[in-house]
Structure formats: structure tokens, C-alpha cells
Amino acid sequence: MSDWQSSPPADDWTIDELMIARLAACFADGDQACNGMASFVPVSAFWLARLTHAPNLVWLAGAVGLEPRPDRVPASTLEAPLWRDSIMYVEQFGDFWNFALNGRWLTKFCVGAAQLDRYGNGNNSVIGADYHNPRVRLPGTAGLGDMGSIGKALYYWNPNHNPRSLVERVDFISCAGYLGGGSERGDAGLDGGPELVITNLCVMDFHPETRHMQVASLHPGVTFEQVQEATGFELPAPEGKLPTTAIPTDEQVRLIRDVIDPDNMRRREFGG
Amino acid sequence: MSAEKLTTLPEAAALVRDGDTVAIQNMATQAAPMALVRELIRQGRRELGVVCLVGGIPVDWLAAAGAINRLIGAAVSMEQFGLCQRYRKAVEAGAIRVEELSETALNARLGAGARNLPFLPTRGLIGTDLIDVNDNLVMLDDPFGGPSVVACKALVPDVALVHAHKADRFGNIGYEPTALWPDLGIMPKAATTVIVTAEEIVDSEVLRANPDRTVLPGFMVDAVVEAPFGAHPTSFFPRYGYDTAMHLEWIGATRDDDAVAAFMEKYVTGPSDHAAYLEAVGGAERKAALEAWEQT
């Protein structure tokens, strides 16, 4: 167990490390977490949480290997090198969903989406107005179409905050957020929903009544105007001064660089 | 006495007819029955539908060959190697129609098919637009008074293609200790015809020594073929890892039509059989490198 509690804020940190530390803080000791494909930021965050404040955070790597012992973050977050030395294999297609659909476990889920709108709806299906004749065919909903509708708290991560990825209205809802805002999600019979959006510029949450996305904290050196400029819809003006997102500590940065991800796989998600 | 199921790759692939809906085991870069996929392309199969959980390079090769016109699945992606570009282009050109399902909805459609039910419900997808564009998904009141669910219509693929570690000549299929990954549990049970390739054909006594590792019974399997490295270039845990170099070569080729044609000739339609394919991709040296995946 490292001395993470007494470690000072780092002088030398990068934005990927800040996002990983912020996402790690969302997971508590005793939670269960799972990851899907191309999920370097979530995987690093789960691992960091386990090495610091949440040693009993259960990790189901690639939704297949329980409590794995990889030696570093590998090039794939689905393949065997991530889930080596697991204590149990969960059959991904069938049994995994018996755990995830049951309301008691895996109550938080990290989501990456090509488009995310002001009410936290995600799109990984198509760009364009006609689903059957898309301008761009995206990979598809995979597990997101389930995770958005089954009561999970959703944590979006977006390493490339820009007006194309944060839009007023998604072209197509393939992950249910707060739908049209207000009470619509609850009216549809859905519990849970989007909690946070962690980008390379800021952290955003959702207004408790309107369910509109709003800035919760700005990363060091970033202004609200910069965030607005990079966002495809109008953000509510902040009431008073916005807090600054915590800088990762020396120890967190050391763990990410030296222990968790010495090959810098996490950087692959940035600059796209 | 059990029926003989052992056959050749060409004869097994001939069980798939033009227009069939074919379920393919695959998860991005993992566990795809690639030897069978290549044989289908060599035989010039047309107008196939593909059912997959997360389709990777087999879907892209079938799309490049013009062999498919519809896909039922949760995603198509090669993960770290990006989107399947030939598939994507074909969808955007209107040549492939996509029925996109969430994982639980696909599981429900196949599960209903396997159990001879008209549908199975899921709580996934509620609130998404995926229900509105799909006639096989219908919102349904809970007859017991609870919240509504999504009825997912039974799906019975014509054929399921699976790759396994071991099989005997009667079609009993054995897996080595591994995650049951990804879709073995349901696709073959829903499909009318099941074709399996195996890393090795073994004596039935080998399976009898570990019956808990037999995952499909011979009576369910229509044809079994020996195909060592039959999942290449996808991975087949724990025997070998995915082939990074070949995925990158394919991604490079997808940028232009001539390069795609040259790639397909070199690796898919050119080699006369599976053994010739394995030589074309680097033979014993390449295989040894992929078997050493734990060192990477």
C-alpha cells in the first residue's frame, strides 16, 4: 500500500493522468467495476483506485477476468494479457449479464461514446439523419445500449472535448441518458443515469432538475469560455467561480507512469 | 455408434449456401473461425447475413469480398486496430443492412431461437432509438404489472461457425481451460447447422478424461474439421495471441481498392488451402511468435 494519502500535488503531470485520477475517485472501496474495449483511461483508473483509496474495488477485466494480475496495461483492454491470473472467468456473453442486469452489482459503468449530448445521451451507432442510410457507420452500441437502460450510474470519459463529440442532440440514441431532459428518463421507467462527464478540459455533471449538462470543475489553466468554445451546445453560465479539478498527487502520477501503464497505452486515446 | 462428422474445409464450407444467415463466433480480435471464413470467400459465397457479437476482421474480409449484404450484431470493430473500414464503406454505400442490437438483445434473440420461444425479453435498450428502427424489437407490457420490457424476436441462424481447441471425429467439442469466449454458449444452440473447426482432432478418450471441458455434443454438430491456427489472425487463448502485424497490414490495405484486392489474393483467395495460408503468413516462425503471446 503506497503513501498516497500524504503525497503532495504533482508538479509534473499530464492531462491523461488528471483524468485517470478524477475517474478513480468515482470508485469506492467495495464497488465492482468492469471495462470494455479500448478503455485505457477506465482500466488505469480502476487500477489506480485499487492501489490507493479502494484496495477492495473488484475489477472484472474485459468483462471476463475477475481480479486479474496483469503486469502492465496492454495494447488491448479485451485480450488475454489484461486478464491474466484471474481468479474466475465469467462467460462474457451470458453469465456477465446475469451479474450486470442484477441491480446489486456493477452499479457504475464507464462509457466512451463518439457523440454525447446535453442530456447525457450517447451515440456509437450512426452519424446522419437516417439510420438505414448513414453518413458514417460507427462501431455499434455493444453493451452501452444495455448499460444506459438498466439503472447504472454512467461515467463518460472523453479525451477529445470538441463540438463534434459534445453535441446539442445526438444523431441517434444508442445509450440512454436523460433522454429529452427533466423527468423523461424516470417517466420511461429507467433508474440511474449519467453522473459525470470527464473530458480533457473539465468535469461536467447534470442539473438535478433539468438534467442539462453543466460544468462542475475546470481543469487547471482552462477557462469556462474555452470549454464553451469546445462544446456544441450552450452550457449554463456558472454561478460564481467554478472549482478547479484536483491535480493528481506525486504518488498517483508515479503509480500511473511506473506501475500501471509504463508503455503509455493511455496516450492512445488522446488527440483523436 | 456415433456418426462420423470429420470432413474437409471445402466440404464443411459447402454446407453454407448463398443467402444463408451465418452466426460467427468473434469478439473484436478474438476467437473467430477464420479458416472457415476464408473458405467461404474462396468458394465465392454471396448474399450472406452475418450474426456476431462484436465482429472484427472476418466481417471486414467478407465485406471486402462482397459476400455479405446484412449484419445482425452488437458492434463491428477491431478494437486497437480501429473500425472495419470495408464493412463501414459497404454500409455507408447501402450494400450492407445493419440490425444493431445491444448484447442482451442479441442474447435474447438467439436464446429464444435456441429454446423454440417466439421471443425473450430484455430490460436493455429502453429509451434508445434502436428499438424504433428494428421490427424485431417491440415494447411489451409486463403481464405481472411491472415495468415494460423489450420483446426480442427469436433468431435462428442457418449456420453457426465455431472454432475450438479439440474435437473428436464424432463432433464432440472440447475447450481448454479458458474463458468461454465469446458466443459459444448460445449461437450453436440456436443455429440449424453447426460447423466447427478445431486446433486438433483427438481421440474420444481425450475428451472423456475431462468431460467438464466438452462444450458441444456431437449430435449438435454437423461437420468438424481440423484447422491448426484456424483462428489466425485473431487470437485463440491460451494457444496463441492475435497477429498485430497482419491486422496492421490489413488496415493499411483498406485505404485503396487495389491494395485490398492484392491482400485478398495474397492471403485469402490465393493460397490453395489452410496449410498454404499458414505458409503465406509466415509459417513456423510466425506461429511460434504468436504462441509466445504471454511474453509480450
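Among contacts in chain A between residues at least 6 apart in sequence, what percentage join residues at least 24 apart? The answer is 69%. The legends below describe a predicted model.

**View 1. Chain A as a whole.** Let us start with the overall build of chain A. Its secondary structure amounts to 7 helices and 14 strands. Along the principal axes, the C-alpha atoms of chain A fill a box of roughly 45 × 45 × 35 Å. The radius of gyration of chain A is 18 Å, which agrees with the value near 19 Å that a compact globule of 272 residues would have. Of these 272 residues, 53% count as buried.

**View 2. An open sheet of 3 strands in chain A.** Here the strand order is S7-S6-S11, and the pairing is mixed. Strand S7 (122-123) and strand S11 (166-167) of chain A are the edge strands, each pairing on one side only. Zoom in on strand S6 (residues 115-117) of chain A and you will find 2 bridges to S7(A), in the antiparallel sense. For A:Gln115, the bridge partner in S7(A) is A:Asn123. As a reminder, strands of a sheet pair through backbone hydrogen bonds, either parallel or antiparallel.

**View 3. Helices H2 and H3 of chain B, side by side.** Now we move to chain B. Helix H2 (residues 34-42) and helix H3 (residues 57-64) of chain B pack with their axes 10 Å apart, at an angle of about 5°. Because angles under 35 degrees count as roughly parallel, H2(B) and H3(B) are described as roughly parallel to each other. From H2(B), the residues to look for are B:Met34, B:Val37 and B:Ile41, which meet B:Pro58, B:Trp61 and B:Leu62 in H3(B). The residues of this contact of H2(B) with H3(B) comprise 6 nonpolar, no polar and no charged.

**View 4. Where chain B touches chain A.** Finally, here is the contact between the two chains. Chain B brings 46 residues to the contact and chain A brings 44 residues. On the side of chain B that touches chain A, at least two residues each come from strand S2 (48-55), strand S3 (68-76), helix H4 (85-92), strand S4 (97-100) and helix H5 (103-115) of chain B. S3(B) gives the most to this side, with 4 residues. By residue class, the side of chain B that touches chain A divides into 21 nonpolar, 16 polar and 9 charged.

How values were computed: Residues are numbered from 1 along each chain as its sequence is written. Chains are lettered from A and ligands numbered from 1 in the order in which they are written. This is a predicted model: local features need pLDDT of at least 70, side-chain atom pairs count only at pLDDT 80 or more; totals for chains, interfaces and linings use all residues. The radius of gyration is taken over C-alpha atoms; the globule rule is 2.2 Å times the number of residues to the power 0.38. A residue is buried if 20 or more other C-beta atoms lie within 10 Å of its own, exposed if 12 or fewer, and partly exposed in between; C-beta atoms are placed from the backbone. Two residues are in contact if their C-beta atoms, placed from the backbone, lie within 7 Å. Two strands pair if DSSP finds at least two bridges between them. Axes are lines fitted to C-alpha atoms, for helices over the stretch in contact, and angles run from 0 to 180 degrees between N-to-C directions. Angles under 35 degrees count as roughly parallel, over 145 as roughly antiparallel, 65 to 115 as roughly perpendicular and the rest as oblique. Ala, Val, Leu, Ile, Met, Phe, Trp, Tyr, Cys and Pro count as nonpolar, Asp, Glu, Lys and Arg as charged, and the others, Gly among them, as polar.
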